[in-house]
Protein chains: 2
Amino acid sequence: MSQQRHGNTPGNAGAVPAFPDLPEATIARLPEYLRALHNLAEAGSDTISSEGLAAAAGVNSAKLRKDLSHLGSYGTRGVGYDVTLLIDQIEYILGLDQRRAVALVGVGNLGHALAGYDGFASRGFRIVALFDADLEQVGKAINGLTVRHVGELRRSVVEDGITIGVISTPPSAAQGVADDLVAAGVTSILNFAPCVLSVPAGVDVRKVDLAIELQILSFHEHRKASLTALPGGLVGEGENQEAVGS
Amino acid sequence: MSQQRHGNTPGNAGAVPAFPDLPEATIARLPEYLRALHNLAEAGSDTISSEGLAAAAGVNSAKLRKDLSHLGSYGTRGVGYDVTLLIDQIEYILGLDQRRAVALVGVGNLGHALAGYDGFASRGFRIVALFDADLEQVGKAINGLTVRHVGELRRSVVEDGITIGVISTPPSAAQGVADDLVAAGVTSILNFAPCVLSVPAGVDVRKVDLAIELQILSFHEHRKASLTALPGGLVGEGENQEAVGS
DNA sequence: CGCGATTTGTGCACGCCTTCACAAGCGCCT
DNA sequence: AGGCGCTTGTGAAGGCGTGCACAAATCGCG
């Protein structure tokens with residue numbers, strides 16, 4: 001975790017926007033709030049109470065208020081939050097107003113689907129380049145983009161202004177790709193390969209392992225099954241839903 | 001399957017295995033340990049120290065020891081952990097020795113990829129049925145399975161012994177599918193649709209939102225960018241990688 | 001203009017998780 | 001047999017996150 005004095009830093013308030021250092025848990029929930037807010041805006045809502053937004057995002061209202069209070073005071077007591085103002089604020093904090101350029105490496109089964117996933121474009125991201133090591137794949141067009149050879153990655157990162165790399169290769173190739181991305185200057189990586197990546201300090205890696213999610217569910221399933229067998233076991237204690245995010 | 005009293009659990013030790021209630025954080029890491037252990041076993045390692053396993057799984061060694069200590073004492077001081085014994089233990093705890101049957105609903109872009117993802121089969125799961133509401137999709141064969149209409153879901157859950165449902169539909173259809181799954185008796189759901197599902201108590205929902213992961217990375221990217229603009233800003237303090245999991 | 005209804009923002013306490021540091025235990029070597 | 005080095009298992013401390021409960025603030029209405 002980055003070390004960062006933020007407190008008040010007296011004189012540095014220049015052109016640089018004050019950047020509150022939010023708790024990780026809060027950051028992980030902001031996108032959820034954002035999605036709920038977009039839905040509300042589309043439905044014509046002008047303002048929304050913390051209670052209403054919390055319900056739409058599936059969290060506790062006190063938690064939501066505390067999260068939002070970290071960004072500043074964007075609500076009005078007795079009224080609620082201004083939907084569009086809050087959307088702008090969260091999008092600014094998340095850096096989504098820049099429509100970040102994303103490179104995707106590995107257009108196998110999963111990568112192919114990710115390349116065509118429209119949930120990215122609609123939420124501030126543009127996949128601008130596809131790469132693969134397999135010459136069989138190179139040259140193919142996916143969703144309007146031509147797959148390029150992974151050797152061109154370095155040039156593309158600079159030319160296309162790529163700031164985030166997505167790895168959807170087999171695990172054996174993932175570390176090499178990560179090294180290439182880092183060498184090219186990418187400092188944020190989303191890794192779908194089931195393996196641990198080692199990267200230098202200053203590079204952020206988030207990992208999504210689809211099988212792990214199933215395994216966690218399997219554990220709870222196993223536990224529930226063993227509880228039903230217990231004498232007097234109260235079945236179905238209130239589990240509620242867990243969202244990924246560290 | 002060696003049974004193992006670990007705490008004290010006085011008299012209730014019947015035929016039902018004592019089920020330690022592990023911390024959620026530990027559960028979320030067990031699959032990671034398991035993957036590392038499989039790699040080690042394949043590489044021919046017989047035993048592994050906590051230090052070594054922790055490195056392979058990308059965690060702190062103290063954390064790993066505490067996690068494993070919750071399952072019981074499966075290590076030998078001065079030596080380390082027996083790889084195959086630990087694999088068996090973790091797989092038992094996670095309920096992976098049952099090769100759970102999984103139903104996948106929604107064979108669009110993402111669902112198609114998930115249906116063909118071999119990472120599931122290799123880690124204890126069998127996708128045994130595919131469903132879609134679109135009649136255009138019904139009847140098509142994907143990876144050896146025929147897509148069926150979502151109306152047959154209920155019967156299939158019973159007949160095929162399905163315990164986990166995966167939702168990869170558009171968000172507008174997700175709640176309906178979740179209701180169907182719950183009505184059919186499924187108590188564990190993995191949701192890829194970007195929306196909040198409401199389910200009765202006793203049903204576990206885990207959510208994976210690919211765009212959210214990118215948004216979190218975007219935040220850190222934004223933050224890093226604003227730090228480089230700071231006077232005397234130490235760029236690149238040690239971030240390290242975060243894994244998903246609640 | 002004041003009052004009540006409503007909703008935000010937050011101080012506080014509690015519990016979970018992480019991390020350190022070390023005693024206890026095991027195997028090997030002499 | 002005894003000692004030494006190595007590794008596990010765990011007590012304790014600290015930090016982070018959550019949720020309650022309430023004071024502060026705003027709007028609308030009489």
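User: Which conventions apply to the numbering and to the confidence of the model?

Analyst: Residues are numbered from 1 along each chain as its sequence is written, while chains are lettered from A and ligands numbered from 1 in the order in which they are written. The model is predicted, and local features need pLDDT of at least 70, side-chain atom pairs count only at pLDDT 80 or more, and totals for chains, interfaces and linings use all residues.

User: How many residues surround DNA strand C, and which are the closest?

Analyst: A residue is near a strand if its C-beta atom, placed from the backbone, lies within 6 Å of it. Around DNA strand C there are 27 residues, the closest being A:S50, A:G75, A:G78, B:P23 and B:G78. Helices (H or I, at least four residues) and strands (E, at least two) are DSSP runs, numbered from the N terminus, and two or more residues come from each of α2 (50–57), α3 and β3 (80–82) of chain A and from α1 (24–42) and α3 of chain B. The most, five residues, is given by α3(A).

User: At what angle do α1(B) and α4 of chain B cross?

Analyst: Two packed helices are described by the angle between their axes and the distance between the axes. Axes are lines fitted to C-alpha atoms, for helices over the stretch in contact, with angles from 0 to 180 degrees between N-to-C directions. The axes of α1(B) and α4 (residues 83–94) of chain B come within 10 Å and cross at roughly 145°. By class, their contact (C-beta atoms, placed from the backbone, within 7 Å) has 13 nonpolar, two polar and one charged residues.

User: What is the strand order of the sheet in chain A?

Analyst: Strands pair if DSSP finds at least two bridges between them. In chain A, three strands form an open antiparallel sheet in the order β1-β3-β2. Because β1 (47–48) and β2 (75–76) of chain A stand at the edges with a single partner strand each, one side of each is left without a neighbour in the sheet. The antiparallel pairing of β2(A) with β3(A) runs over two bridges, and A:T76 stands opposite A:G80 in β3(A).

Definitions and conventions:
Ala, Val, Leu, Ile, Met, Phe, Trp, Tyr, Cys and Pro count as nonpolar, Asp, Glu, Lys and Arg as charged, and the others, Gly among them, as polar.
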